[in-house]
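Work through the following exercises with the coordinates open. Each task is followed by a solution in steps.

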Amino acid sequence: MSEANEFAAVTKAFSGLGVDENLFISSLGRWNRYQRESYRVSTPVFFNEDERQFQRWSDHHILQLRQEFLRLKDAVVLYTMHPWERDARLFKEALLLKIPQHDVLIETACTRSSEDLLGARKAYHSLFEHSIEEDIAHHIKAHERKLLVALVSAYRYEGPKVNDDVAKSEAKVFVNALKDAKRKNLIEDEEIVRILSIRSKLHLKAIYSHYKEITGNFLDEDLDGDLILKQVVQCLCSPQKYFSKILIESLSLDVEESAKDSVTRVIVTRADENDMKLIKEEFQSKYGSTLAAKIQQAANGSYRDFLLTIIAKSD
């Protein structure tokens, strides 16, 4: 391999999700001090020319690389955890951030079975010696607090029966609430909170269908002005659509670190669910590429191989 091609390969190994450990060993490990200096000079994306005439690592990229080296470790640890502990820890991490991650709370509360959500709440008690409901109430002061507490507290009916008349009536509740959205914050509407937090997922899908029949629009699309409610509806009614969007956005190379973390979270937490198969189908249908191909393009090294191994289980 020519020096220019080798430099390009090492730069790629430093970029994206995870790092290519084997390339660092086979290429970078063999370079002498002059080759390393030549690489620094020719790679201004990583190195800045200091006023005292040396090439210094960009502080931003040092922090970024430390995170990328840890990415595989974090994925392996999460994957090995009991699902209840994993969800409980994800809840806690989402709440401890300066700006709490509502999406993590929503996707976990709305896509788990009733028993698994109850299990995560039990695990939260054991790990942190208080309830998830208490922590949400403590860390989130805005209008969405009541809805989020209700969602994590839910124990939904999971049987096949749906009262279609009630579903149609409650679809009209959404229609009327959206008409009045300029007067009243939707997320504070008690009827909306009640429906989203207690109804079975099959019942909510029936509401979604009736809303489309009444308005000609999809409910989640009409909720574009309220991201939290939009995410709740998608996670309850079409989680594969929600997770596919999260993955395509987080597998881009120019996203923030918090978005990159979503790749690990989504793939690891969906690995043993039937929805990984549905997510892959939705991803390919919507974005014209397989999820595996996108991971191959965006990720590096052992981290990439680990993710590909996980998603291959649902083939």
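The model used here is a predicted one.

**Exercise 1. Helix span**

Solution. 
1. Past the end of the helix, α12 is followed by Gly216, with a positive phi near 80 degrees.

**Exercise 2. The buried residues of the helix**

Which residues of α12 are buried, and what covers them?

Solution. 
1. Buried means under 20% relative accessible area.
2. The buried residues of α12 are His203, Leu204, Ala206, Ile207, Tyr208, His210 and Tyr211.
3. An α-helix has 3.6 residues a turn, so residues three or four places apart point the same way.
4. The cover over the buried residues of α12 includes α10 (164–179), α11 (190–198), α13 (219–222), α14 (227–237) and α15 (239–250).

**Exercise 3. An aromatic pair**

Classify the pair formed by the rings of Phe7 and Tyr39.

Solution. 
1. Ring centres within 6.5 Å make a pair, and planes over 60 degrees apart count as edge-to-face.
2. By this rule there are eleven aromatic pairs.
3. For Phe7 and Tyr39 the centres are 5.3 Å apart and the planes stand at 75 degrees, so this pair is edge-to-face.
4. The pair links distant parts of the chain, since Phe7 is in helix α1 (residues 3–14) and Tyr39 in helix α3 (residues 33–42), 32 residues apart.
5. Phe7 and Tyr39 are both buried.
6. Phe7 and Tyr39 belong to one aromatic cluster together with Trp31, Phe46, Phe47 and Trp57.

**Exercise 4. Charges over rings**

Over which rings do Lys92 and Lys241 lie?

Solution. 
1. Lys92 lies over the face of Phe128, 5.0 Å from the ring centre.
2. Lys241 has its charged end over the ring of Phe218, at 5.9 Å from the centre.

**Exercise 5. Cysteines**

How many disulfides does a search of the whole structure find?

Solution. 
1. A disulfide needs two cysteine sulfur atoms within 2.5 Å.
2. The search finds zero disulfides.
3. For Cys110, the nearest cysteine sulfur is that of Cys235, 5.7 Å away.
4. Cys110 is buried, with a relative accessible area of 0%.
5. For Cys237, the nearest cysteine sulfur is that of Cys110, 9.5 Å away.
6. Cys237 is buried as well, at a relative accessible area of 14%.

Key. Residues are numbered from 1 along each chain as its sequence is written. This is a predicted model: local features need pLDDT of at least 70, side-chain atom pairs count only at pLDDT 80 or more; totals for chains, interfaces and linings use all residues. Side-chain values use heavy atoms; hydrogens and water are left out. Buried means under 20% relative accessible area, exposed over 50%, partly exposed in between (1.4 Å probe, protein chains only). Helices (H or I, at least four residues) and strands (E, at least two) are DSSP runs, numbered from the N terminus. Contact means heavy atoms within 4.5 Å. Rings of Phe, Tyr and Trp (its six-membered ring) pair if their centres lie within 6.5 Å; planes under 30 degrees apart count as stacked, over 60 as edge-to-face and the rest as tilted. A charge sits over a ring if NZ of Lys or CZ of Arg is within 6 Å of the ring centre and within 35 degrees of the ring normal.
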